[in-house]
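Trainee: Please take me through this structure one feature at a time. For each, I would like the general idea and then the case at hand.

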Amino acid sequence: MRLDKYLKVSRIIKRRTVANQACDSGRVMVNSKQAKASYEISVDDVINVRFGNNNLTVKVISLDKHISKDEASNMYLVLSNEDLEVSFN
């Protein structure tokens with residue numbers, strides 16, 4: 001499954017166009033490497049997404065193409081969800 005589609009189906013990012021933009025701007029990494037939206041995701045891949053000052057790292061558990069909104073979080077395991085503090089010194 002493509003990275004942008006996985007981010008949308010798993011509800012990590014709500015819209016595929018936003019997922020594409022995040023990938024294009026270098027805010028998404030897979031297995032510690034910057035990834036394009038077309039990258040093919042596999043089970044056990046580790047995805048890191050930067051949202052402003054938030055950094056979310058998840059491990060891919062399943063690649064379901066159609067899943068309900070309530071079950072979407074079962075597609076991944078959250079490894080870390082940290083708030084990056086900005087220093088103004």
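**Reading the model**

Mentor: Asp44 lies in the loop between strand 2 (33-34) and strand 3. Asp44 has a positive phi of about 80°, although this residue is not a glycine. The model is predicted, so local features need pLDDT of at least 70 and side-chain atom pairs count only at pLDDT 80 or more, while totals for chains, interfaces and linings use all residues. Residues are numbered from 1 along each chain as its sequence is written, and side-chain values use heavy atoms, with hydrogens and water left out.

Trainee: How many helices and strands does the protein chain have?

Mentor: Helices (H or I, at least four residues) and strands (E, at least two) are DSSP runs, numbered from the N terminus. The protein chain has 2 helices and 5 strands. In sequence order the pattern is α-α-β-β-β-β-β. The radius of gyration of the protein chain is 13 Å, close to the 12 Å that the globule rule gives for 89 residues, so the chain is as compact as a globular protein of that length. That radius is taken over C-alpha atoms, and the rule is 2.2 Å times the number of residues to the power 0.38. Along its principal axes, the C-alpha trace spans about 45 × 25 × 20 Å.

Trainee: What percentage of the residues of the protein chain count as buried?

Mentor: Of the 89 residues of the protein chain, 35% are buried. The chain exposes about 5,700 Å², of which carbon and sulfur atoms supply 46%. These areas come from the Shrake-Rupley method with a 1.4 Å probe; for residues, only the protein chains shown count as cover.

Trainee: How many positive and negative side chains are there?

Mentor: Lys and Arg count as positive, Asp and Glu as negative; His and the chain ends are not counted. A charge is placed at NZ of Lys, CZ of Arg, CG of Asp or CD of Glu. The protein chain has 14 positive and 11 negative side chains, and the centres of the two sets lie 7 Å apart.

Trainee: Which residues touch the most other members of the largest nonpolar core?

Mentor: In soluble globular proteins, nonpolar side chains tend to be buried together. A nonpolar core here is a set of buried Ala, Val, Leu, Ile, Met, Phe, Trp, Tyr and Cys residues joined through side-chain atoms within 4.5 Å. The largest core holds 22 residues, and Leu3, Tyr6, Leu7, Ile12, Val28 and Ile47 touch the most other members. Helix 1 (3-9), helix 2 (16-24), strand 1 (28-30), strand 3 (46-51) and strand 4 (54-60) each supply at least two residues of this core. Helix 1 gives the most, with 4 residues.

Trainee: What does Ile47 touch?

Mentor: Contact means heavy atoms within 4.5 Å. Ile47 is found in strand 3 and is buried, with a relative accessible area of 0%. Not counting residues up to four places away in sequence, Ile47 touches Leu3, Tyr6, Leu7, Val28, Met29, Val30, Ile41, Leu56, Thr57, Val58 and Val60. Under that exclusion, the residues touched by Val28 include Leu3, Leu7, Ala22, Cys23 and Ile47. For the chain overall, 40% of the contacts between residues at least 6 apart in sequence join residues at least 24 apart.

Trainee: Where is Val58, and is this residue buried or exposed?

Mentor: Val58 belongs to strand 4 and is buried, at 1% relative accessible area. Leaving aside neighbours within four places in sequence, Val58 is in contact with Ile12, Asp45, Val46, Ile47, Tyr76, Leu77, Val78 and Leu79. Val58 and Arg11 are 47 residues apart in sequence and 12 Å apart in space, C-alpha to C-alpha. Arg11 itself is in the loop between helix 1 and helix 2, has a phi near 65°, and at 29% relative accessibility counts as partly exposed.

Trainee: In which loop is Met75?

Mentor: Met75 is in the loop between strand 4 and strand 5 (76-83). Met75 is buried, with a relative accessible area of 0%. Beyond four places in sequence, the contacts of Met75 include Tyr6, Val9, Ser10, Val60 and Ile67.

Definitions and conventions: Buried < 20%, exposed > 50% of the residue type's maximum accessible area, 1.4 Å probe, protein only.
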